[in-house]
Amino acid sequence: MRSNFNRSALVRQLSGWLPAPVEAPRQDLAERLGQWLNVADAIELSSVHQAMPAVARVRRPGVPAAARAAQAELQRVRATLSQAITSPPREPGDEGTDDTDAGFAPHHQRCLEQQRRMDMSIEALRGHVRKTLSLTSARLAQLAALDAVLEPMLGGREQRLLATVPGFLKARFAQLRQSHPGGWQPLFEHELQHTLLAELDLRLQPVVGMVEALSQEVKQHP
């Protein structure tokens, strides 16, 4: 249920701005995940796994309408956040200042603002979708229970990684400004939006996975 950083569009975007790295040995999923978890996390996951049969025995009615509602809510949140990201930035002087060359600072603030908006909106959406799953079927109740444990367990590491995005954008800002005098602004604006949209897709992956599982459950048990 967690985001796959290594294969995400966000990582591909940021990696394209860096020198080619020395290729590291491949690691399987279990080994990579193990680097994100400590002993306490492993014990908690084991406890959740042992409780899964009990969750599965709880009978819940199928709710086909829930799949449509969850999909609609996912689309609404995605559209709202995407629109906020791609809206034209405020021009210098919009807030009563006359600073026509504030450097990266306004873009940094904009990036942080969009990240906060994504964080709050997607956290609420994810909780809502989990609740829907828990009321739909026993199998999906297991999935919701697992996601409820994984979100706080791995969320801190994810947030620390996403907090590095403004730093990548700052370096790209300086690079474009130096290499494209007179025409760097539209290029940077495009790349900033593209980066934030890729981050949005990454953040939404767990929700998308749950919504797809819900839709599949309805198809199998209409």
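In which hand does α7 pass α8, right-handed or left-handed? I started my notebook with this one, and I kept in mind that the model is predicted.

**Entry 1: α7 and α8**

I found that α7 passes α8 in a right-handed crossing. Helix α7 covers residues 165-179 and helix α8 covers residues 184-220. Their axes come within 10 Å and cross at roughly 160°. Angles over 145 degrees count as roughly antiparallel, so α7 is roughly antiparallel to α8.

Next I looked up who makes the contact. From α7 I noted V165, L169, R172, F173, L176 and R177. From α8 I noted W184, L187, F188, E191, L192, T195 and E199. I sorted these residues into 8 nonpolar, 1 polar and 4 charged.

A reminder to myself: an α-helix has 3.6 residues a turn, so residues three or four places apart point the same way.

**Entry 2: α5 and α7**

I then turned to helix α5, residues 105-134, and its meeting with α7. The axes of α5 and α7 come within 10 Å and cross at roughly 150°. That makes α5 roughly antiparallel to α7. I wrote down a right-handed crossing for α5 passing α7.

On the α5 side, H107, H108, C111, L112 and Q115 make the contact. On the α7 side, the partners are V165, P166, L169 and F173. Here I counted 6 nonpolar, 3 polar and no charged residues. I was pleased to see V165, L169 and F173 of α7 again, as I had already listed them for the contact with α8.

**Entry 3: α4 and α5**

How do the axes of α4 and α5 cross? I read off roughly 180°, with the axes of helix α4 (residues 64-86) and α5 coming within 10 Å. The two helices are therefore roughly antiparallel to each other.

I listed A66, E73, L74, V77, L81, A84 and I85 in α4. They meet R110, Q114, R117, M118, S121, I122, L125, H128 and T132 in α5. This contact divides into 9 nonpolar, 4 polar and 3 charged residues.

**Entry 4: α6 on its own**

Where does α6 bend? I found the bend at G155, and it is about 45°. Helix α6, residues 138-162, has 25 residues. From its first C-alpha to its last, α6 reaches 34 Å, close to the 36 Å expected at 1.5 Å a residue.

Definitions and conventions
Residues are numbered from 1 along each chain as its sequence is written. This is a predicted model: local features need pLDDT of at least 70, side-chain atom pairs count only at pLDDT 80 or more; totals for chains, interfaces and linings use all residues. Side-chain values use heavy atoms; hydrogens and water are left out. Axes are lines fitted to C-alpha atoms, for helices over the stretch in contact, and angles run from 0 to 180 degrees between N-to-C directions. Helices (H or I, at least four residues) and strands (E, at least two) are DSSP runs, numbered from the N terminus. Angles under 35 degrees count as roughly parallel, over 145 as roughly antiparallel, 65 to 115 as roughly perpendicular and the rest as oblique. A crossing is left-handed if the near helix is turned anticlockwise from the far one by less than a right angle, and right-handed if clockwise. Contact means heavy atoms within 4.5 Å. Ala, Val, Leu, Ile, Met, Phe, Trp, Tyr, Cys and Pro count as nonpolar, Asp, Glu, Lys and Arg as charged, and the others, Gly among them, as polar. The expected span of a helix is 1.5 Å times one less than its number of residues. The bend at a residue is the angle between axes fitted to the seven residues ending there and the seven starting there.
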